[in-house]
Amino acid sequence: MGDRWYQEAVVYCLDIDTFEDSDGDGVGDIRGLIGRLDYLARLGVTCIWLNPIHPSPNKDDGYDATDFYNVDPRLGTLGDFAELLHQAGNRGIRVIIDLVVNHTSDQHPWFQSARSSPDSPYRDWYVWVEEAPPDRHQGMVFPGEQNETWSYDRTAKAWYYHRFYKFQPDLNFSNRKVRDEIKKITSFWLQLGVSGFRIDAAPFIIELTEPGNPDSPKDFEFLTELRQHVQWRRADAVLLAEANVEPDQLPVYFGDSGGSANRLHMLFDFMLNGRLMLALARQDPEPVIDALRDTPRLPAGAQWATFLRNHDEIDLSRLTAEQRNEVFAQFGPDENMHLYGRGIRRRLASMLGNDRRHIELAYALQFSLRGTPVLRYGEEIGMGEDLSLRGREAIRTPMQWSYKENAGFSSAPAEKLVRPVIDKGDFGYEKVNVTAQRRDPRSLLAWFERMIRTLREAPEIGSGTTSHIDVPMPPGVLAHRADGPTGTMAFLHNLGTEDVEVDLSTLQPEADLPIDVLTDRNYPEVGKLDSLKLAGYGYRWIRVCRSTDV
Ligand code: GLC
């Protein structure tokens, strides 16, 4: 593996409280996760991204911290966490944690102190204003659940800014002390042994909020500062950020100093996510081809993180209204499946009608595209959602381990569970669980293991250059290639349902014994690449040539 480990990583995202409960209190915990590390190692995961682990009133699933230097007692202790890092390390698995510092919980001692008096040493850690700002009903991230971005605090006798929910007051990043404190928080966790951070809400962290200006300036220098700090403390630490902004604004988040990224190492590719959904809905690869073409050129060391599902709704806000409606019509036909007017609160397997071939196609495509793949827990067994739960909780149900009560997640009485397990219908735990799939070599889980192993043998996907193979293709088919020092891979994905034949003979001059390394079924040998059969929803990952010249 190259020095830039994150370019060849397979990231698995999970929330400890819904993964595995070791002590029977109904809440998943660190010890439970430790007990499942072998499962993750076998799956082929090389990095775990933990959703927030800090003490929290949990009004936004932990994205509202009250102490950045500790672990929520529901999950365990700092000692347990250190053990987790050790045990994960033994298995070659790195751990990154969510760094949620755009805001704190309103219960955080800093905010409690800040609101108590204008003379509090923490007053200026938040963003206050005396008079109601005229733009206070603009810029809400959760429309419908939140109707303002400035709220009046009676104790403080002033208005405070909160880009997200009212109980998440924004920290004031123009205050040097806040910036220093955030760096100290990163030092603390790096010292314990994490390999980096998933930076929550990056565009809002760097916002220099001006009351009355809905388009306040941003201070990108903080990202440079943070990168330098983190890299100084741990050279191979990675910053993976959520910055859901227009693609042409993304390069500045990576930063560029003499051709190398000097701010964030990785950004989630939200644009590609939306385009993938559109492509799957239309059974037409054009939106993905556009996305590949429109991808801004990255400086050295910068990397995309690709995903189909994460812990939030699928955000389709970067699509046009018409495109969004196409995706809604296919994958979220009921109003109850939508969220904030822009997204879908479902898991992928259910969106794709639990069609195994379609699910494989979608994930094979994601994992073969440029960047580092991020997989959300439960997707590898094809879990569904519970639409009777509120908002994003629908897709945050406990991991389904077995046929046992509570899906083997916990031995607590069902009413004590952090969230109910899915126990009905096609996605109920009796039908969808790890134990059943572990026994079946044809299961989705077994497929994910195979696919991830294949990916790990093809480092050019993560570290190389990906491009569309622009030759005539039957409708529905995407052909792309990845080139790197280790060789060349070619990929065919049929987003449509018709069986087709594909001509890739333009690659023949470069080919050295081309072979299929991952396919949806057994196809005749690759031969001269001129008449490759491809089933409806079929895919072929072809190693075109391999170089040992590295
Ligand atoms: C990010 C997280 C989301 C959270 C929000 C506020 O968008 O992904 O889950 O609610 O930030 O921290």
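## Cysteines

Cys47 counts as buried, at 1% relative accessibility (buried means under 20% relative accessible area, with a 1.4 Å probe and protein chains only). Cys13 also counts as buried, at 1% relative accessibility. The structure holds zero disulfides (a disulfide is a pair of cysteine sulfur atoms within 2.5 Å). For Cys13, the nearest cysteine sulfur is that of Cys47, 11 Å away. That is too far for a bond.

This is a predicted model: local features need pLDDT of at least 70, side-chain atom pairs count only at pLDDT 80 or more, and totals for chains, interfaces and linings use all residues. Residues are numbered from 1 along each chain as its sequence is written, and side-chain values use heavy atoms, leaving out hydrogens and water.

## Nonpolar core

The largest nonpolar core has 128 residues. Such a core is a set of buried Ala, Val, Leu, Ile, Met, Phe, Trp, Tyr and Cys residues joined through side-chain atoms within 4.5 Å. Tyr12, Leu40, Leu50 and Phe81 touch the most other members. Not counting residues up to four places away in sequence, Leu40 touches residues including Tyr12, Phe19 and Ile93 (contact means heavy atoms within 4.5 Å).

## Aromatic rings

Rings of Phe, Tyr and Trp (its six-membered ring) pair if their centres lie within 6.5 Å; planes under 30 degrees apart count as stacked, over 60 as edge-to-face and the rest as tilted. The count is 36 aromatic pairs. Phe254 and Trp304 form an edge-to-face pair, 5.4 Å centre to centre with 85° between the planes. Both Phe254 and Trp304 are buried.

Phe142, Phe164, Tyr165, Phe167, Phe204 and Tyr340 form one aromatic cluster.

Notes:
Buried means under 20% relative accessible area, exposed over 50%, partly exposed in between (1.4 Å probe, protein chains only).
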